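Look over the sequence and the model first, then read on.

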Amino acid sequence: MLTLRAGGRSRDLGRQIHEDSSYPHHGKAISEHRISIHASRESLSGVNTIKLTRLHEDGTEQTRANVTSAIKQENQFSFVYLHRCSDLLTEEYDVGETDAKNISLGSFDSLFTPIFAVFVGHADRAFHQPLKPGCNIIQRVFLDFRLVILWSFLSVPAHESAMLMHNITFPNTPQLGKGSDERKCIHMFKSMRVAAANEFFEVLSGFWRDGITPDTTLVRMMENAKFFDSGNSKSPEYLDWLRASGLAHE
């Protein structure tokens, strides 16, 4: 179970999507969203299937799969999903009673938006991170697999909306995903977190187009946005950024 502390409480990051839509005000309500990583021991082609399942409140089901040779054949890491977190303040994010192992990504305060990505490799394949990766990295062995989580904190206050980006194999895909080594995983995450930030800014702009008056301080934070390793607004790095952005007295 992935968790973050927000508002003084531990929050469950597995409860992360409520409607199937690219627009924040409309969508198909989702009652359950899960991702399963299959060992696929009987696969003759040496692949693993990573399956996304969404159960909608109207009773319909949507499934997608990422079929990858990264884990068994290439000894690399396969991208699973990226998540731009909401503010995590509603009670549905409360951590309930569970026997699941907890992987904590630390804590953040209300001036940040957490963005994280999950990669998976073989349990025996360690993720050798560079000295200064430019993001946080944690890895944990889970049964046959090694989960690797990369995360950063965007210097824009989190919102009620969230976003998920999945890795999906389409029927006409010419070849299976062969995965990535450490350098490429980090580069991929940094590229995707920028895309997630731009999507977030578009979401906020959409609310403004719907008649909500934009906050001038928030606009300036978006214009000067930066990714931090810490979600602490009292850190020296964040305070330096405030001063450099002209936001120290906003």
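Which residues line the largest cavity? They are Ile35, Ile50, Lys51, Leu52, Arg64, Ala65, Asn66, Val80, His166, Asn167 and Ile168. This is a predicted model, where local features need pLDDT of at least 70 and side-chain atom pairs count only at pLDDT 80 or more, while totals for chains, interfaces and linings use all residues. Residues are numbered from 1 along each chain as its sequence is written, and side-chain values use heavy atoms, with hydrogens and water left out.

**The cavity**

- The structure holds one cavity of 30 Å³ or more. A cavity is a set of points, on a 1 Å grid over the protein atoms alone, where a 1.4 Å probe fits but cannot get out; lining residues have an atom within 4 Å of a point.
- The largest cavity has about 60 Å³ of space. Volume here is the space filled by probe spheres set on the points, and grid points are joined across faces, edges and corners.
- Strand S5 (48–56) and strand S6 (61–68) are the elements that give two or more residues to this lining. Strands (E, at least two residues) and helices (H or I, at least four) are DSSP runs, numbered from the N terminus.
- By class, the lining has six nonpolar, three polar and two charged residues. Ala, Val, Leu, Ile, Met, Phe, Trp, Tyr, Cys and Pro count as nonpolar; Asp, Glu, Lys and Arg count as charged; the others, Gly among them, count as polar.

**Salt bridges**

- The count comes to three salt bridges. Each is a side-chain nitrogen of Lys or Arg within 4 Å of a carboxyl oxygen of Asp or Glu.
- Arg84 pairs with Glu199, with the closest N and O atoms 3.0 Å apart. Arg84 lies in strand S7 (residues 78–84) and Glu199 in helix H1 (residues 182–209), so the pair ties together parts 115 residues apart in sequence.
- Glu182 meets Arg125 at 2.5 Å, N to O. Glu182 is in helix H1 and Arg125 in the loop between strand S9 (113–122) and strand S10 (136–142), so parts 57 residues apart in sequence are tied together.
- Arg243 bridges to Asp240, also at 2.5 Å between the closest N and O atoms. Both lie in helix H3 (residues 236–244), three residues apart, about one turn of the helix.

**Exposure of the partners**

- Buried means under 20% relative accessible area, exposed over 50%, and partly exposed in between (1.4 Å probe, protein chains only).
- Arg84 is buried at 0%, whereas Glu199 is partly exposed at 24%.
- Glu182 is buried at 10%, and Arg125 is buried at 13%.
- Arg243 is exposed at 51%, while Asp240 is partly exposed at 43%.

Note on methods: 1 Å grid on protein atoms, 1.4 Å probe; cavity = no way out; pocket = protein on both sides within 12 Å on 5 of 7 lines; lining within 4 Å.
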